Amino acid sequence: MEKKSVSIEVSHITKRFKDPSGGKTVTAVKDVSFVIEPGELVTLLGPSGCGKTTTLRMIAGFELPTEGKIYIGDDDVTQLPAHARDKATVFQSYGLFPHMNVFDNVAYGLKIMKLPKTEIKTKVMDTLKLVGLEELAGRSPGRLSGGQQQRVALARSLIVEPSVLLLDEPLSNLDALLREQMRVEIRRIQKKVGITAVYVTHDRTEAMSLSDRVIVMKDGVIMQMGTAAEIYQNPNSKFVAGFVGKVAFIPVEILGKEGEGYACSLQSQRFMVPKGLAGLAPGAKASVMARPESLRLDEPGKGFLEGKVSVNIYLGSSVETFVSTELGDILVQIDDPARKKVWPEGSNVSLTFEPELVRILPEE
Ligand code: ADP
Ligand code: MG
């Protein structure tokens, strides 16, 4: 599998569907643009119906964009039919041939290409080794676990050495533990082969753990594109902040700009947040984005918000403390609980925050 990796460029694509019953038009994807670098794995992440699959299907050639252009490498493939595009697709349903064993399922694409038998055998065994299935070449798909079937599907896609690998919720049919193992596997295989990949999921943990970069979508538009750390630590909206991780939003009023952050007021207390999204004027309503690890607990009266510990959940390396406040339940993560104070359930506490870890975000 020594092939040069290619880039993918999606430029201002829009997709409108005509509703066959009402004649009403649905705009599934609105003026979406992004570039995926050669060998990169980029995830399209967002809630159901936000346009992820439609975007992927346009890259694959199963749908044509209403407007815009798509490039694979230097080639404009916008009007190219799916079969003529140098790509392979893996779906949630594995689509294996039930009457063929694992070897023949994987060999299928090469047989169509009429490669010599010995070459097919070498390539199939190499690819099965890559996905960790070399022992199971003779099995029929019906006698494989879900994870193994998905590996066969992956092997069958990779064996024809496509330039681009497209995956649409490939792990949705697997149970939680298997999903976790398979996402590590997919990541390992994709890096080993060096193939450019687009991965669609609505599962933030999956997206965050296997991607070089994540594109967060909502209602057919891109909200933000960045590494997992960028979108987690510096989301550009409350939507992205909430979609990619646990978070509490504390409503504040902006008093004025201070460096990269703002002076704000909460319940007539004034405090500073060193970082925030630019462009908020004095008097504007905003939110402090507080992730569980950015909050601390203190004696009543010491912080910016009073509350009572409702539940402590011991997770070993951390404790999740739920504090009920007048803003609702707020989650505080206490790392390394053997060395830190865990406030018993029922304690009256006050919340403080690590200024460096919180952000000011505009209201939506
Ligand atoms: P996602 O994969 O993010 O769940 P989709 O891309 O499948 O979202 O769908 C985006 C929107 O486009 C949805 O509102 C969906 O109903 C609509 N849509 C998708 N495919 C079609 C189609 N063939 N005809 C009409 N509407 C469609
Ligand atoms: Mg979908």
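First, a term I need: I call a residue buried when its relative accessible area is under 20%, exposed when it is over 50%, and partly exposed in between, using a 1.4 Å probe and counting protein chains only.

**Ground rules.** I am working with a predicted model, where local features need a pLDDT of at least 70, side-chain atom pairs count only at pLDDT 80 or more, and totals for chains, interfaces and linings use all residues. Residues are numbered from 1 along each chain as its sequence is written, chains are lettered from A and ligands numbered from 1 in the order in which they are written, and side-chain values use heavy atoms, with hydrogens and water left out.

**Entry 1: two glutamates.** I looked up glutamate 169 and found a phi near 45 degrees, which is positive even though the residue is not a glycine. Glutamate 169 sits in the loop between β7 and α5 (176–193). Buried or exposed, I wondered about glutamate 169? With 12% relative accessibility, glutamate 169 counts as buried.

Glutamate 161 also has a positive phi, about 50 degrees, without being a glycine. I found glutamate 161 in the loop between α4 (146–158) and β7 (164–168). Its relative accessibility is 22%, so I noted glutamate 161 as partly exposed.

**Entry 2: the whole chain.** I zoomed out and read off 8 helices and 20 strands in the protein chain. For the names, helices (H or I, at least four residues) and strands (E, at least two) are DSSP runs, numbered from the N terminus. The C-alpha atoms fill a box of roughly 80 × 50 × 40 Å along the principal axes. Of the 364 residues in the chain, 48% are buried.

**Entry 3: the six-stranded sheet.** Which order do the strands of the open sheet of 6 strands follow? I wrote down β6-β7-β8-β3-β9-β10, with mixed pairing. (Two strands pair if DSSP finds at least two bridges between them.) β6 (87–90) and β10 (221–226) are at the edges with a single partner strand each, so one side of each has no neighbour in the sheet. Ignoring direction, neighbouring strands here are turned by 15 degrees against each other on average. (Those angles are between axes, which are lines fitted to C-alpha atoms, for helices over the stretch in contact; angles run from 0 to 180 degrees between N-to-C directions.)

I then followed strand β3 (residues 41–45). In β3, 5 of the 5 residues are buried, so the strand is largely enclosed by the rest of the structure. Leu41, Thr43 and Leu45 point one way, while Val42 and Leu44 point the other way. β3 runs parallel to strand β8 (residues 196–201), joined by 5 bridges, and valine 42 has valine 198 as its bridge partner in β8. β3 also pairs in the parallel sense with strand β9 (residues 213–218), over 4 bridges. There, threonine 43 has valine 214 of β9 as its bridge partner.

Moving on to β9 and β10, I found that they run antiparallel and are joined by 5 bridges.

**Entry 4: the five-stranded sheet.** Another open sheet has 5 strands in the order β15-β19-β16-β17-β18, with antiparallel pairing. β15 (295–298) and β18 (328–335) are its edges; each has a single partner strand, so one side of each lacks a neighbour in the sheet. The twist from one strand to the next averages 45 degrees. β15 pairs with strand β19 (residues 348–353) in the antiparallel sense over 4 bridges, and leucine 295 stands opposite phenylalanine 353 in β19.

I checked two distances next. An oxygen atom of ligand 1 is 2.6 Å from a polar backbone atom of glycine 49. Threonine 53 has a side-chain N or O atom 2.8 Å from an oxygen atom of ligand 1.

Methods: Polar contact = N/O pair within 3.5 Å; in protein donor to acceptor, adjacent residues only side chain to side chain.
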